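Thanks, everyone. Let me put the structure up, and then we'll go through symmetry, domains and rings.

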Number of protein chains: 2
Amino acid sequence: MNIAIVGVGLIGGSIGIRLKETQFCENLIGVDKSETNQKKALQLALVDEFRSLEDALANCKVIILTIPVDAIMVLLPQILDKVTDQVIIDMGSTKTNILNLISDHPNRGRYVAAHPMAGTEYSGPEAAIPNLFKDKMMVYVEAFKSDEDAFELADSITEQLEMKTSFMTADEHDMHTAYVSHISHLTSFALALTVLEKEKSQGRIFELAGSGFQSTVRLAKSSPEMWTPIFKQNRSNVLEVLEEHIKQLQHIYDKIESEDYDAVHKWIKKSNKIKRIIK
Amino acid sequence: MNIAIVGVGLIGGSIGIRLKETQFCENLIGVDKSETNQKKALQLALVDEFRSLEDALANCKVIILTIPVDAIMVLLPQILDKVTDQVIIDMGSTKTNILNLISDHPNRGRYVAAHPMAGTEYSGPEAAIPNLFKDKMMVYVEAFKSDEDAFELADSITEQLEMKTSFMTADEHDMHTAYVSHISHLTSFALALTVLEKEKSQGRIFELAGSGFQSTVRLAKSSPEMWTPIFKQNRSNVLEVLEEHIKQLQHIYDKIESEDYDAVHKWIKKSNKIKRIIK
């Protein structure tokens, strides 16, 4: 069996590393519009060779889409038009719009919507790493709409990646990811800009940046090419959580301004409940 | 030489571990008002024994204050009243108010204001760890107001902790820490509350929490007993940076709401400049 990975960057490249490691497929074909990325990916041996999308479709049983969500919106319907018995898996970070777009497609059953809850703040082929997915969660969205054999094949790849699995509706998925992933990126971007602005007048400001700052700001290294489309495709959920987050910050601003330190103490103590949830 | 550590928690306990490791002093005395903490600290061998503050003052050459900044505001003037040739070092996270408070004290020279830029989100004696300070920055504030022998002794402890050093005015220190430490904690607390609120109606929300969320939210485990006084003592700087941060978030809210995705892309790209600064 041949497998194609469309978009050989952090996610696609890391899948490539693992599938070559387990020798799960005969030929691992990369598809990437950037020649620079093709060269880097071949140097790093993330895939066996690069082909055009048409070639990949003609020669592979499985096509994995690991490209930004706006590109998935364009490419997925075109690919489904040409599908016979292949399996198409998308690994995008938003699902509602994508699933709405192809819900009535005659080849809907050949498509599996998946989202690996794994990543780093880096992008491109050189960001690909071994074991990126190990013990992380693969979320399947509207899996019941995929043909049984298509889902089974997608899930056997998830197994190769050593991931746990979860099943959700598109609405659940997009709302949950807005809360536990998209907002984290927005706060990091905003935090980076807050401090970078100040640095212009206070050059030594980063001398004091410790591990706490690094931890809250590291996601601000994430790529605008990946994240702008996510905020676009998940606009209403992102706006909802952003509004709530700004309210929380405005609340604590008011309490510090009015010197109501009992309220500040209570607010922090309440937030400490996060200990229940994260290690 | 005997050394006393007042407040044997994360910072005090980690100093204890290192000073015992290097056998820098004869007797390492702990002072702590909590009997539970005293027991834990002795079990963990963070100090040799516990004594009253009076006893510690009478028997030690160096007194290190590793207690919340509001407690330093109360205790430091009382200790300076009784000092003869001892050296008093405070390790608090804010400096302007503390330094103003004792600026005219006749024993001002025996005091060294220091802030180790190191820590974790955990607190108490069981949070103390080896090598917490290694290669981190010790910031001295208004060091020129300390007697030379007092500063030298404080700096020899910094050397034991294997830290780098930096010198600042109180204003610089409090402004810089607001930007690279205090705001990170505020955003983490606010992020935790944003998601915890939503969890009440959406119990499965944390199933998807990945490493990005963990990274931006981990500081929300920090203690309200330590952080409320920091926001109080550094109120004006904290309000300034919080206002700027809310503005950044409101800006990106407006751009996503009006679907100006070119502006969103630019905003993210600008924040990526943080790559220059953090690894």
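Start at the axis. In chain A, A:Thr216 is the residue that comes closest to the rotation axis, with its C-alpha at 2.1 Å. The same surface serves both copies: 100% of the contact residues of chain A recur in chain B, contact meaning heavy atoms within 4.5 Å.

A word on provenance. This is a predicted model, where local features need pLDDT of at least 70, side-chain atom pairs count only at pLDDT 80 or more, and totals for chains, interfaces and linings use all residues. Residues are numbered from 1 along each chain as its sequence is written, chains are lettered from A and ligands numbered from 1 in the order in which they are written, and side-chain values use heavy atoms, with hydrogens and water left out.

Chain A goes onto chain B by a rotation of 180° with 0.0 Å of shift along its axis, RMSD 0.0 Å. The two copies are thus related as by a two-fold rotation axis.

Next, domains. Chain A is assigned domain 1 (2-168) and domain 2 (173-276); the bounds come from an automatic or database domain assignment. Their centres, taken over C-alpha atoms, are 31 Å apart. The contact takes 17 residues from domain 1 of chain A and 16 residues from domain 2 of chain A.

How much area do domain 1 and domain 2 of chain A bury between them? About 1400 Å², 60% of it on carbon and sulfur atoms. That is accessible area (1.4 Å probe) lost when two parts are put together, summed over both. On the domain 1 side, A:Ser93, A:Thr94 and A:Glu121 lose the most, together 38% of what that side buries.

The rule finds two salt bridges across this domain interface, meaning a side-chain nitrogen of Lys or Arg within 4 Å of a carboxyl oxygen of Asp or Glu. A:Glu121 also forms a salt bridge with A:Arg218, closest N and O atoms 2.7 Å apart.

Last, rings. Over all chains there are twelve aromatic pairs: ring centres of Phe, Tyr and Trp (its six-membered ring) within 6.5 Å, with planes under 30 degrees apart stacked, over 60 edge-to-face, the rest tilted. A:Tyr140 and A:Phe151 are edge-to-face, 4.7 Å centre to centre, 70° between the planes. Both are buried, which is under 20% relative accessible area, with exposed over 50% and partly exposed in between (1.4 Å probe, protein chains only). Ring pairs link these two and A:Phe167 into a cluster.

Note on methods:
Least-squares fit on C-alpha atoms with pLDDT ≥ 70 in both.
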